[in-house]
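Here is a short report for a reader meeting this structure for the first time.

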Amino acid sequence: MFGELRDADISVQRACALTGTSRATYYRRAKPVGPRHGPWLPRTPPPQALSTAERDRVLAVLNSPVYADLAIPQVWAR
């Protein structure tokens with residue numbers, strides 16, 4: 001019935017009022033989108049990312065007694 005009203009050049013607002021359909025429902029059905037939610041796609045690490053061995057060395061330095069009480073920018077400055 002809604003399609004027939006639209007084919008007769010009745011406006012969407014008027015056709016919705018006559019059929020008791022909300023305009024949001026009409027537009028949602030007129031242009032459906034795929035699923036919006038779902039699992040994240042796996043990400044590849046950027047090329048400049050540290051390797052596991054490099055990360056371990058950095059963490060060892062940051063956790064050493066010399067730098068243990070300093071913030072990372074302070075360690076970087078030294």
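## A tour of the model

Serine 64 sits in the loop that links α4 and α5. The model is a predicted one. With a relative accessible area of 19%, serine 64 is under the 20% limit and so counts as buried. A polar atom of the serine 64 side chain lies 2.7 Å from the backbone oxygen of valine 61.

How confident is the prediction? The mean pLDDT of the protein is 86. A value of 70 or more is reached by 100% of the residues. Among the elements, helix α4 (residues 52-63) has the highest mean pLDDT, 92. The lowest, 78, belongs to α1.

**The core**

Which residues make up the largest nonpolar core? They are Phe2, Leu5, Val12, Ala15 and Cys16, 5 residues in all. Two elements, α1 and α2, each give two or more residues to this core. The largest share, 3 residues, comes from α2. In soluble globular proteins, nonpolar side chains tend to be buried together.

**Helix α2**

Val12, Ala15 and Cys16 are buried in α2. Viewed down the axis of α2, the buried residues fall within an arc of 100°, so they line one face of the helix. The spacing has a simple basis. An α-helix has 3.6 residues a turn, so residues three or four places apart point the same way. The face of α2 turned away from the buried side carries Gln13 and Ala17, which are exposed.

What do the buried residues of α2 pack against? Their partners are α1 and α3. Leaving aside residues up to four places away in sequence, valine 12 touches Phe2, Arg6, Arg23, Tyr26 and Tyr27.

**Around the helix ends**

Aspartate 9 lies in the loop between α1 (2-7) and α2 (12-19). Its phi is near 60°, a positive value in a residue other than glycine. Aspartate 9 counts as exposed because its relative accessibility is 72%, over the 50% limit.

**Helix α3 and beyond**

Threonine 25 lies in helix α3 (residues 23-30). Threonine 25 is buried, with a relative accessible area of 17%. Its side chain joins that of serine 22 in a polar contact of 2.9 Å.

The count of aromatic pairs comes to 1. Tyrosine 26 and tyrosine 27 form this pair, in an edge-to-face arrangement. Their ring centres are 4.9 Å apart, and the planes make an angle of 70°.

Isoleucine 72 has its place in helix α5 (residues 72-77). Is isoleucine 72 buried or exposed? Isoleucine 72 is exposed, with a relative accessible area of 58%. Threonine 25 and isoleucine 72 are 47 residues apart along the chain, and 53 Å separates their C-alpha atoms.

| Residue | Relative accessible area | Class |
|---|---|---|
| Serine 64 | 19% | buried |
| Threonine 25 | 17% | buried |
| Aspartate 9 | 72% | exposed |
| Isoleucine 72 | 58% | exposed |

How values were computed: Residues are numbered from 1 along each chain as its sequence is written. This is a predicted model: local features need pLDDT of at least 70, side-chain atom pairs count only at pLDDT 80 or more; totals for chains, interfaces and linings use all residues. Side-chain values use heavy atoms; hydrogens and water are left out. Helices (H or I, at least four residues) and strands (E, at least two) are DSSP runs, numbered from the N terminus. Buried means under 20% relative accessible area, exposed over 50%, partly exposed in between (1.4 Å probe, protein chains only). pLDDT is the predictor's confidence in each residue, from 0 to 100. A polar contact is a pair of N or O atoms within 3.5 Å; within protein, one must be able to donate a hydrogen and the other to accept it, and residues adjacent in sequence count only if both atoms are side-chain atoms. Rings of Phe, Tyr and Trp (its six-membered ring) pair if their centres lie within 6.5 Å; planes under 30 degrees apart count as stacked, over 60 as edge-to-face and the rest as tilted. A nonpolar core is a set of buried Ala, Val, Leu, Ile, Met, Phe, Trp, Tyr and Cys residues joined through side-chain atoms within 4.5 Å. Contact means heavy atoms within 4.5 Å. The arc is that of the directions from the helix axis to the C-beta atoms.
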